[in-house]
Each structure stands twice: as structure tokens, then as C-alpha cells.
Amino acid sequence: MSAKLRAQGAKVLSAVLDEGRSLSEALPQAQQALSNPKDKALLQALCFGALRQYRLLDAALKLLMQKPLKGKTRVLQHLLALGLYQLYFSRIPAHAAVGETVAAAPLLGQAKLKGLVNGVLRNAERQGTELLDKACKNQAVATLHPDWLIERLKKAYPQQWRAVLEANNQQAPLWLRNNSRQQSRPDYLAKLSNSAIEAVSEDSLTNGFYLAEAQDVTALPGFADGSVSVQDGAAQFAAELLAPQDGERILDACAAPGGKTAHILELADAEVLALDVSESRLQRVTENLSRLKLQADVVAGDAASRDWWDGKAFDRILLDAPCSATGVIRRHPDIRWLRRDQDINELSKLQARILDNCWAMLKPGGTLLYATCSVLPQENKEQISAFLARTKDAELRPIVAGESEQQPGWQLLPGDNKMDGFFYARVLKKP
Ligand SMILES: C[S@@+](CC[C@H](N)C(=O)[O-])C[C@H]1O[C@@H](n2cnc3c(N)ncnc32)[C@H](O)[C@@H]1O
């Protein structure tokens, strides 16, 4: 318990909500300022929780304050949200939640406003859950999602949109992928059982399973030697549907951090080119492959251009396209605040350019698997439908029953089988 931890938390919320930085980038930096591992874990829990509940916390603050803090004092608005989160959603005793949060104000250069922070939090404490009930009168607030996303989901899923919003507000289980090059899934599950770790295997996947309780993955049997990798169940369908074969030349067009590249290589002795536009993220591909003792040609380049290509066509292409990530909100609560409605048009244009460019590098008779971790039709079935309409030598290879050129692909929704939201469409290049 410390004031420093609360100050770091307010800085993380500022980084995400005001500067548009991702939580996965801002949080580790803030954790570096704390030496105690328990404090680091608490900071993570508070930041994840506060971002998940932010719409409600923000609405509650509007009821408590005449106007939001702006300019140099803006960071205190986030400190207050963090304070409310502790009061309403954590087991931290109220006196500690208020005391440590008030004490964080001077650490953020706002000593003069300690009284304001104290007053707002004490007022919330007095009002108790009535305050949240008042804030939740607006039903959109209660869903904890931004209006634009609620509208898009309503339109896309008239029956299921509420379930999607609800699933996004849950914590995701820890999914793992057995490395079939090292052992079978039953053998690895037996090892876990010997270590008193309870795991549940998923029949629709060859190597996927999840843990009954999340834990430090580096402490799992054989983790350092590559026995197992962290990967959501929905993401594990990518390599399975791509069905790589020994000796094939395969492009993983948007590869970083390399989860799917590694899975492809676990399934076949293929020649894989792992491409990504981000050099820094490619470093993670190299690290992941080295832990798993696998090899790929790791290349920095733009999948919408061919200046990095040697001209030799690929047998298969996995296009795990940059997308809104609206299928993985339960794992990344910052996405609902980082993404804007207008981003979706831009993303879908980029996806179309990458699709067309990758198509030109695919052998006749080859297969392209298009994937996103999005639940928005514009990036998924509408994207592929338009691609099929403009590409004469493209033929849809259905994955599930009911697919057609107008309604192509397989849409998984978050929470289905405890998995993330994902989309897959498989297309053959006519020989
Ligand atoms: C969904 S992530 C890929 C996840 C990865 N396939 C995995 O399983 O670990 C999308 C990736 O696309 C990359 N990206 C974005 N625009 C790109 C482009 N024009 N060319 C290549 N990669 C791009 C991003 O850097 C990001 O790493």
C-alpha cells in the first residue's frame, strides 16, 4: 500500500486516456518505479480494473464535481477515478484507499489540491453504492463501453450485442498451447496435474487448454524450454486452419509478436517468412522462436508493399491483419478508450491494401487465411466479401456451414467457449 503506487496508477491512466498510449506499454514503465513485486501486481490490478470501469467511474465523478479537472491538474482527475475504483471495486479498506490516494496528490505536483481529492473521495464514501446507482441510470454507462462501439455492436448483432458487452467486461482465462513438437497435450496436462495445476482442455483445438486459475506462466513446467506458450484459444485456430505442410513456403504477413508464427512451425517443417512493419515488435518474434527452438526468416517490412520480397511465390499466407482489436477487449481494457469510430474506416482501407498485395505473392492453388481479432463486420465479412467481388481468381473455402460470398468467414464472439472474439476467412487462389 503506498501513495507512490497510486501516483503511478494515475500516470498510467493519463498515458492511456490523454496520450493514447497502450496499457501494455505504459504499465511496465510505471511498474519500474516500484520495487516490491506485490506493489507491481496491485498497480496492474488497479489499472486494469479502473480502465474496465472507467465509464462508470467518470460518470460518478461528474456527479461529485462541478467540472472536471483540466490542464496541469488533469492527472488528479485520473487519481480520483483510481480512488473511486479502490473504494467500490477493491478489497482495500476505505481509510487506506482514501488516505493513500490523497497522499499521492503531492507526488503528482498537486499538493495544494490534497483537500479537493480528500473531499471528493469522502463524499463518495458517504454516498456509498447509491452514487453508482445514480451514475448507472444512463444504461450506456452501465455497459462500460463507448457509445460508438455499442451502436456498431447493436447493428451487427441485434440478438447478441448485450452478451458481447458483458463478455468484454469479464476477465479472460489463461489459455495455453501445448508444443506438439515436445509432447502431446495429454502428456503435458499430466505434468500439470503432478504439479497440482488444474487445466481444462478444449476439444475443438488440438493443443489448446486453459488453466482453472491464472498463474505466473514462467513457473509452469518446461515453460523456459518451450513446452508451452501463452495463446488464446481463438487465436490457435489460425495455424490449424492454415494447415501448413512440410517443405512449404509460408508468409506470416503481420507476424509480431510471433504467436501464430511459432504455432505454424510447431505443426510443420515449413519455410516461414515472418513479416511485420514494427521492428521493435519483431524482437519479440525472435525471442519467442528462440525459446521454442524454432526458426523463421524474420523480416521488417510493410505487408502493403513488396519491396522486401524476393519474387518467389508463397504456398500459403496467413494475414493476421492490423485491426480494431474489438474482440480482445476483455484482455485489453484500454482498447475501448484508445479506438475511435473513425479508426475503423482507416483500418479497413489498410486491410484491403494488404489483402490485395498479399494476394499477388500467393501461388496459384495456394491458400490465404485472413484473420482479425475484431468483431466488426466492416473489418471481417464485409472486407472479405468485397475482396471476393473484386478478385476474379479468388474462391472462398468455407470453414463453417452457411458461408457464402456475401456472408463469408467464421466469426467467433468473445466469451464463446471462453475464447476471445476472432474472425477467419479462407480463400483459395484458383489454379
Ligand atoms: C494482430 S497483430 C499480429 C499478431 C501476430 N500474428 C501473433 O499472432 O502474434 C497485427 C500486427 O500487424 C502489424 N502491422 C500493422 N501494419 C502492418 C503493415 N502495413 N505491414 C506489416 N505488419 C503490419 C503490427 O505491427 C502488429 O504486430
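This is a predicted model: local features need pLDDT of at least 70, side-chain atom pairs count only at pLDDT 80 or more; totals for chains, interfaces and linings use all residues.
In this briefing, helices and strands are DSSP runs numbered from the N terminus, a helix having at least four residues and a strand at least two.

**The ligand and its surroundings**

- Around the ligand there are 18 residues, and those that come nearest are Asp276, Arg281, Asp302, Ala303 and Asp320.
- Sorted by class, the shell around the ligand consists of 9 nonpolar, 4 polar and 5 charged residues.
- The side chain of Asp276 has an N or O atom 2.6 Å from an oxygen atom of the ligand, which is within the 3.5 Å limit used for a polar contact.
- Backbone atoms take part as well: a polar backbone atom of Ala303 is 2.8 Å from a nitrogen atom of the ligand, and a polar backbone atom of Cys254 is 2.9 Å from a nitrogen atom of the ligand.
- On its own the ligand has 600 Å² of accessible area, and the protein covers 85% of that area.

**The second largest pocket**

- Empty space can be found by rolling a probe the size of a water molecule over the atoms, which shows where such space is left.
- The second largest pocket holds about 450 Å³ of space, and 21 residues line it, with Tyr54, Asp58, Lys62, Arg74 and Trp337 lying nearest its centre.
- Three elements, α4 (54–64), α5 (74–89) and α16 (335–338), each give two or more residues to the lining of this pocket, and the largest share, 6 residues, comes from α4.
- The lining of the second largest pocket is made up of 10 nonpolar, 2 polar and 9 charged residues.
- Because domain 1 (3–138) and domain 3 (234–429) both give residues to the lining of the second largest pocket, the pocket lies between them.

**Two backbone features**

- Most peptide bonds are trans, and most residues other than glycine have a negative phi.

Definitions and conventions: Residues are numbered from 1 along each chain as its sequence is written. Side-chain values use heavy atoms; hydrogens and water are left out. A residue is near a molecule or strand if one of its heavy atoms lies within 4 Å of it. A polar contact is a pair of N or O atoms within 3.5 Å; within protein, one must be able to donate a hydrogen and the other to accept it, and residues adjacent in sequence count only if both atoms are side-chain atoms. Accessible areas come from the Shrake-Rupley method with a 1.4 Å probe; for residues, only the protein chains shown count as cover. Ala, Val, Leu, Ile, Met, Phe, Trp, Tyr, Cys and Pro count as nonpolar, Asp, Glu, Lys and Arg as charged, and the others, Gly among them, as polar. On a 1 Å grid over the protein atoms alone, a cavity is a set of points where a 1.4 Å probe fits but cannot get out, and a pocket is an open set with protein on both sides within 12 Å along at least five of seven lines; lining residues have an atom within 4 Å of a point. Grid points are joined across faces, edges and corners, and a volume is the space filled by probe spheres set on the points. Domain bounds come from an automatic or database domain assignment.
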